[in-house]
Amino acid sequence: MWFFSDEEKLLQDTVRQFAKTELAPKIEKLDAEEGFNREAMRKLGELGLLGITVPENDGGAGLGAVATTLAFEEVATVDASTALSYLAHSILCLNQVAQNGNAEQKARYLPKLLSGEWIGGMGMTEPGSGSDALGMRTKAVKTPDGEAYVLNGSKTFITNGPCGEFFYCYAKTGETKKDISTFLVEKGTPGFSTGKKFSKMGMRASPTGELVFENCRIGIENRVGSEGESLKMMMRNLDLERVTIAGISLGLARASIEAATLYARDRKQFDKAIGSFGPIQERLAEASSWYEACRALTYTCAKMWDEGKMVGKEASMMAAKAKLTSAQMATKVGLECIQILGGYGYIREFPVERYMRDAKLIEIGAGTNEILRVIIARQMLGDAASG
Ligand SMILES: Cc1cc2nc3c(=O)[nH]c(=O)nc-3n(C[C@H](O)[C@H](O)[C@H](O)COP(=O)(O)OP(=O)(O)OC[C@H]3O[C@@H](n4cnc5c(N)ncnc54)[C@H](O)[C@@H]3O)c2cc1C
């Protein structure tokens with residue numbers, strides 16, 4: 001993009017090189033076996049990139065949404081699973097501790113999360129509440145001495161759940177939908193366990209699982225902010241997640257297009273490169289145009305975020321637009337590119353089918369397509385949206 005700074009371009013080159021050397025050789029096996037590239041997360045820590053949005057005086061890189069989206073795009077071009085785990089760790093967990101935690105919480109948890117010694121995740125979704133996140137049922141009840149809370153309930157579909165050591169978790173501390181508080185939960189806390197690990201269609205090298213709370217005592221020092229005041233912070237983080245996760249869709253689409261373009265140049269049928277056939281050219285031209293359009297929207301939103309212009313409901317709508325269009329585009333482009341490769345697109349020896357399987361997740365996680373359309377339409381229609 002024309003507005004990337006020299007620092008952002010340097011970051012792009014660094015992450016591109018990292019992806020080539022650290023991720024490319026391993027992803028095929030990890031995808032097949034549903035593993036996790038923990039070593040890569042540590043190396044991202046060594047590069048100073050886990051705390052990409054964390055202020056420099058807290059030990060982070062002090063970069064913004066443009067840089068973060070670029071990093072996710074570059075990682076996802078090679079290994080979208082690691083990009084997803086990186087996003088859960090850095091944006092959903094680490095960034096939140098840095099933004100909302102107090103000095104003691106930051107001193108206690110940031111170093112381990114910044115280095116990658118600990119992997120972090122965020123627990124919002126529950127078995128009975130996905131799109132309706134405020135319908136969560138995990139309860140945190142204050143102990144009579146006021147020193148702690150007792151948590152009961154469970155979270156599901158949590159990225160890094162099965163491999164993480166630390167979770168930024170939401171729970172209800174009152175009767176209304178908005179009475180949401182945040183708790184910092186360490187693996188090994190009595191009454192806290194990581195439940196089932198899910199086997200998935202895509203993003204197979206990003207472990208997903210349950211978090212279970214059974215009379216789990218969390219000291220009051222691990223509550224973030226005031227009791228019942230987490231809703232705003234939760235929603236603001238969702239907006240940032242939507243802008244930056246669009247980078248993963250962009251990376252996947254770019255990888256699909258690059259693979260299909262090379263293939264269309266080389267593959268011959270009827271004594272001609274298949275790239276000489278109209279339907280193949282149309283597919284590639286359309287895919288590349290969709291990608292560029294989504295890229296322009298996503299990085300414009302990220303730039304607006306960095307300049308403090310993404311605030312309030314307007315920000316939520318713009319973030320939803322970037323994520324909705326990019327996510328749909330990446331799945332569609334993935335399918336078109338599989339078609340360009342014919343049979344070779346459908347078998348696992350070529351990575352294009354993986355790109356499409358991975359891309360589909362972004363149409364579901366961080367707000368489904370349907371929910372994002374509701375957010376956009378409500379902002380456009382005002383009161384008329386509710387009939
Ligand atoms: C791989 C993976 C990783 C994830 N990582 C995390 C994580 O780290 N942390 C976390 O908290 N969560 C995570 N999630 C959860 C994710 O955010 C939810 O799956 C998502 O919000 C949808 O919730 P749901 O799956 O319960 O679907 P539901 O909300 O039950 O939706 C089912 C269907 O109904 C539609 N629908 C629901 N409400 C409406 C409506 N009002 N109007 C129109 N259609 C509607 C949905 O769009 C969808 O098509 C992850 C999910 C996956 C699959």
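Colleague: How many helices and strands does the chain of this predicted model have, and how should I read its overall size?

Modeller: In this predicted model, the chain has 12 helices and 10 strands. Its radius of gyration is 21 Å, close to the 21 Å that the globule rule gives for 387 residues, so the chain is as compact as a globular protein of that length. Taken along the principal axes, the C-alpha atoms fill a box of roughly 80 × 50 × 40 Å.

Colleague: What share of the residues count as buried, and what share of the contacts join residues at least 24 apart?

Modeller: Of the 387 residues of the chain, 50% count as buried. Among contacts between residues at least 6 apart in sequence, 74% join residues at least 24 apart.

Colleague: Which domains does the assignment give, and how do I read the contact between domain 2 and domain 3?

Modeller: The assignment divides the chain into domain 1 (6-119), domain 2 (121-224) and domain 3 (231-386). The centres of domain 2 and domain 3, taken over C-alpha atoms, are separated by 30 Å. The contact takes 8 residues from domain 2 and 8 residues from domain 3, and on the side of domain 2 that touches domain 3 there are, by class, 5 nonpolar, 2 polar and 1 charged residues.

Colleague: Turning to the ligand, how many residues surround it, and which are the closest?

Modeller: The ligand is surrounded by 23 residues, of which the closest are Met124, Gly130, Ser131, Thr368 and Glu370. By class, this shell has 12 nonpolar, 9 polar and 2 charged residues.

Colleague: Where in the fold do the residues of that shell come from?

Modeller: At least two residues of the shell are supplied by each of helix H5 (80-100), strand E1 (120-123), strand E3 (148-159) and helix H12 (369-381). In terms of domains, the shell draws at least three residues from each of domain 2 (121-224) and domain 3 (231-386).

Colleague: Where is phenylalanine 270 found, and how should I read its phi?

Modeller: Phenylalanine 270 is found in the loop between strand E9 (268-269) and strand E10 (272-273). Although phenylalanine 270 is not a glycine, it has a positive phi of about 55°. Phenylalanine 270 is exposed, with 7 other C-beta atoms within 10 Å.

Note on methods
Residues are numbered from 1 along each chain as its sequence is written. This is a predicted model: local features need pLDDT of at least 70, side-chain atom pairs count only at pLDDT 80 or more; totals for chains, interfaces and linings use all residues. A residue is near a molecule or strand if its C-beta atom, placed from the backbone, lies within 6 Å of it. Helices (H or I, at least four residues) and strands (E, at least two) are DSSP runs, numbered from the N terminus. Ala, Val, Leu, Ile, Met, Phe, Trp, Tyr, Cys and Pro count as nonpolar, Asp, Glu, Lys and Arg as charged, and the others, Gly among them, as polar. Domain bounds come from an automatic or database domain assignment. The radius of gyration is taken over C-alpha atoms; the globule rule is 2.2 Å times the number of residues to the power 0.38. A residue is buried if 20 or more other C-beta atoms lie within 10 Å of its own, exposed if 12 or fewer, and partly exposed in between; C-beta atoms are placed from the backbone. Two residues are in contact if their C-beta atoms, placed from the backbone, lie within 7 Å.
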